[in-house]
Structures are given as C-alpha cells and as structure tokens.
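This briefing goes through one protein model by topic. Keep the sequence and the 3D view at hand while reading.

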Amino acid sequence: MKSRPISAVELFTIIFLIGGVMLSAPAYFFPAPPKRITIATAFKGASFEFYGRRYKERLERLGLQVELRETAGAVENVKLLQDPKSGIDIAFVTGGVSDASKAPNILSLGTVYLQPYWIFYNAKETFTNFGQLKSTRIAVGPEGSGTKFSAEAVLGKVGVNTKTATMLAYAGNEAVEALDKGLVDAVWIIGSPRANAVQALLRNPQVKLMSIPLAEAFTRLMPDLVRLTLPQGVIDPENNMPPNDVTILASTTKIIVRNDIHPQIVYAMLRTMTEEHSNADIFHKSGEYPMSVDSEYPMAATAVEYYKNGPSFLHRHLPLWLTVHVQRFIALLIAAVAIGVPVFSYVPRVYRWALKHRTRILYGRIGVIEKALQTDLSQDQVIELQKEIESIDRAASTLQLPRSHLDLLFGLKVHINLVRTRLSVRHEEIKRSMASSTDLTGLF
C-alpha cells in the first residue's frame, strides 16, 4: 500500500509537540525547590534548639523560609519525619534512638557533632557513681525526647530506673530552674557545650558535673557511645571551670530528612552544616565535622556526592533560587543540541518537501487528465481536457520558487508539455477518425 504523504498541518503539529516536550521536560526533571521548610528541633535550652536557630539564620540568608518546630526531642523527631502529614522536612536526632529498619523512609545528611551526656547535681553533694542516684529525683526530659531515652538506656544498666528513682520530665531551661529551686537532685541532660542550658549549668558555681568512672565500660556495652574528657578549665580558664578533668559519655548528633526531599534543599542544608560545624570545638578538631558516616540510616545520594567532591560549580557561585533555573537551561541546551543537530540536517529536505507540496496539487490535476487519456474520449471531452491543462500551466507560471529549486518548476512544466502533446495527438486522431467516417458515408 502506498503511504500517504504527511501534510503541512501534521508537520507543524509534530514540531509543536517536540518543542513542548523540550520546554516542559527540564521543569519535570529539575522541579523548583520549595520556598519553605520545617525543621524539628527540641525544647528550649536544648542543643537542637540552639543549632536550629543558627541553621534558620543561615538558611534564610540563602533565600529559604524556615520554620522551627519545637518538639520533645529526638524520638519524637523521628516519628514526625516518618509522618507525611506532619509537615516536617528535616530533623535533628541523637544516635541510637532509631535506625533505618524502624524508619525506612528516612535518609541521613551525616553526623554534625558529638552529643555529650551531662549529669549535674547540687554542689553540696558528692556523686561519684551512678548507684548514688538511686532514691533521688532526676530530671530526665519529657516522653519522646532523646534525653529520656538515653537516661533510661544508660542509667538502667546500673539499676537506676523508675522503680529505684524518681524520673521527672524537666528538660532544658526548665531543668536548670528546677535544680536551682531544689525541685530535683540531679539533671540528666544531653547536648552541645554551647547549648544554653548546658552553659548555664557548667558556669553555675552551685552546681557540680559528675565524672563517670565506668565510661569506658559503657562504650563497650553500648557501641553507639564514646568516652570524652572535659579538660580542667576549658569552659572558663580564668575561674578554672571545671576545676578538674571530667570523664563523660557522648553519642552522635545527625541530621535526617525525608527520602523525597528536594536535592537543592539538601545542598542548602549541607552548606549550612559545613559552615556551622567545621570549626574546632571542645570535643573535635577543625574540619572533622560534618562527617559522611551514619551507621543507622542510609546517606542521601546528594550528600554522598557533596562529601566526595564538594559543592558543584553552580552551587559555589550561584544563589539557591537561581541554580535550578540554570540547571534547566543547561538541560534544555543539551536537549536542543541532541535533537536539533539531526533535525537541522533534515531542514533542507523539509524545505524542499514544502516547496514540492506547492506543486503537488497541480500534479494531482495532471494525474486526473492522464487517467482520462487511458479511456475513449469524445472530441468535446478532449477539448475540455486541453482547457484544463492550459489552466494548470497558467497556475504553474504563478508559482514563485527560489532559483535553487527551479528544477521543481521545470519538471512540472515538462510534465505539462508532455500531457499537452498527448492531448493534441489524441485530438488529431479523433478528427481524422471523424473525417474518415464522413468520407465513407459519402460513398454510399
């Protein structure tokens, strides 16, 4: 079966669709990042709350709107991040409270700092081991906090639990106030030395920090923990705070995100994490954090690339909002080259096809005449066909074709002349036939 030639409307429809795909594809593969994100932190005075405020300042300088959600702490943060209706995009979490088997839709952006476990108590007392905390009132934080989770996990190893001690929900700044007012005998608190509540307790001369003699043993029993030493005088050298070296335990703090978070948000977070945590601190050296290690959650692919190669050229030199548009432009340019080169190689053919289309109608009319020539025709029919071929010739003469494609017009004219000649021959044959018939009639 002979294929039907494509029409001009169909051709332009195809071009329009290709153009539409090229324009819309970059937006599909490089969607714009959200303008607003929500970070789950913790209660006031906690290190999560402290760093949350600092993250907010840095991220808003990058053009993002940041909401900080005050929570009970790490345990609740994991639950909120798992709930798609919670509105939480990013969360601070303490190592050991959960992992990928319990929270499969969560990815990690890496470890940002060590989270020390502090035990403060009234300076009038002397606590040298966990066993002395039995029968005391201990502030361990609210339900759902990493503070309470860690207190129960560590203190439970030595028999300090809800049956042997009074566990109270004071946390952060409230725990500081409760110790000052004598509402508790000790405060279990986790967080960076820079956290407000920790700073307040470390600098309070009426409060002591308990040294943990079995710290090394706990690191063997609980692999998520590490042993740290707070050097004498490191908090306040002038006033010799603390007055002696103190051995404490610590876990890691990491930033976790939903697995569908936008890559541009991940880049913004990684940049913020690097700026905030790369400097030296009491417990780590310069450049040690953030760290691309997480034994509990899989690392986000964008984070792995960032830690391996650093920020991309675009992220180093362009603001966040502009990066995605440049990526779209580059994708569109690549697509245009990939599609355009072969397309443009067909442009001369398409152009010639368009010119031939202008002669195709006339060729169709010629075809009707040629088909008629294959039948028996009367003189009047031949005369009508001769008029038609002359009409086609006049129409061909009005075609305006470029000089480089005059061969199309020349071929059409040749075809017209051939048909004209055939019509003339047929007309002469009919006239001779009619004359012969007249002569024979005269004889009879």
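The model is predicted.

- Strand 4 pairs with strand 10 (residues 246–258) in the antiparallel sense, over 10 bridges.
- One place to look in this pairing is proline 116, whose bridge partner in strand 10 is alanine 250.
- Strand 4 also runs antiparallel to strand 7 (residues 186–190), and five bridges join the two.
- Tyrosine 121 stands opposite alanine 186 in strand 7.
- With strand 8 (residues 207–209), strand 4 pairs over three bridges, again in the antiparallel sense.
- Phenylalanine 120 has leucine 209 as its bridge partner in strand 8.
- In a regular strand, side chains alternate between the two faces of the sheet.

**Aromatic rings**

- A pair of aromatic rings is described by the distance of the centres and the angle of the planes.
- The whole structure holds 12 aromatic pairs.
- Phenylalanine 50 and tyrosine 51 form an edge-to-face pair, with 5.0 Å from centre to centre and 75° between the planes.
- Phenylalanine 50 and tyrosine 51 are both buried.
- Tyrosine 51 and tyrosine 113 have ring centres 4.8 Å apart and planes at 35°, so this pair is tilted.
- Tyrosine 51 lies in helix 2 and tyrosine 113 in strand 4 (residues 106–122), so their pair ties together parts that are 62 residues apart in sequence.
- Tyrosine 51 has a relative accessibility of 2% and therefore counts as buried.
- Tyrosine 113 is buried as well, because its relative accessible area is 4%.
- Elsewhere, ring pairs link Tyr117, Phe130, Trp188 and Phe218 into a cluster.

**Cavities**

- The count of cavities of 30 Å³ or more is two.
- The largest cavity has a volume of about 70 Å³.
- Its lining is made up of 13 residues, and those nearest the centre of the largest cavity are Ala42, Phe43, Phe48, Thr147 and Ile190.
- Helix 2 (47–61) and helix 4 (146–155) each give at least two residues to the lining of the largest cavity.
- That lining has seven nonpolar residues, six polar residues and no charged residues.
- The second largest cavity holds about 50 Å³ of space.
- Tyr51 and Tyr113, the two tyrosines of the tilted pair, are among the residues that line the second largest cavity.
- Also in the lining of the second largest cavity are Leu114, Ser192, Pro193, Asp281, Ile282, Phe283 and His284.
- By class, the lining of the second largest cavity has six nonpolar, two polar and one charged residues.

**Glycine 144**

- Glycine 144 sits in the loop between strand 5 (137–139) and helix 4.
- Is glycine 144 buried or exposed? Its relative accessible area is 16%, and the cut-off for buried is under 20%, so glycine 144 is buried.
- Glycine 144 and valine 75 are 69 residues apart in sequence, while their C-alpha atoms are 4.8 Å apart in space.
- Apart from its neighbours within four places in sequence, glycine 144 is in contact with Ala72, Gly73, Ala74, Val75 and Glu76.

Technical notes:
Residues numbered from 1 in each chain as written. Predicted model: local features only at pLDDT ≥ 70, side-chain atom pairs only at ≥ 80, totals over all residues. Heavy atoms only, no water. 1 Å grid on protein atoms, 1.4 Å probe; cavity = no way out; pocket = protein on both sides within 12 Å on 5 of 7 lines; lining within 4 Å. Points joined across faces, edges and corners; volume = space filled by probe spheres on them. Helix = DSSP H or I, 4+ residues; strand = E, 2+ residues; numbered from the N terminus. Nonpolar A, V, L, I, M, F, W, Y, C, P; charged D, E, K, R; others polar. Phe/Tyr/Trp six-rings, centres within 6.5 Å; stacked < 30°, edge-to-face > 60°. Buried < 20%, exposed > 50% of the residue type's maximum accessible area, 1.4 Å probe, protein only. Contact = heavy atoms within 4.5 Å. Pairing = 2+ DSSP bridges.
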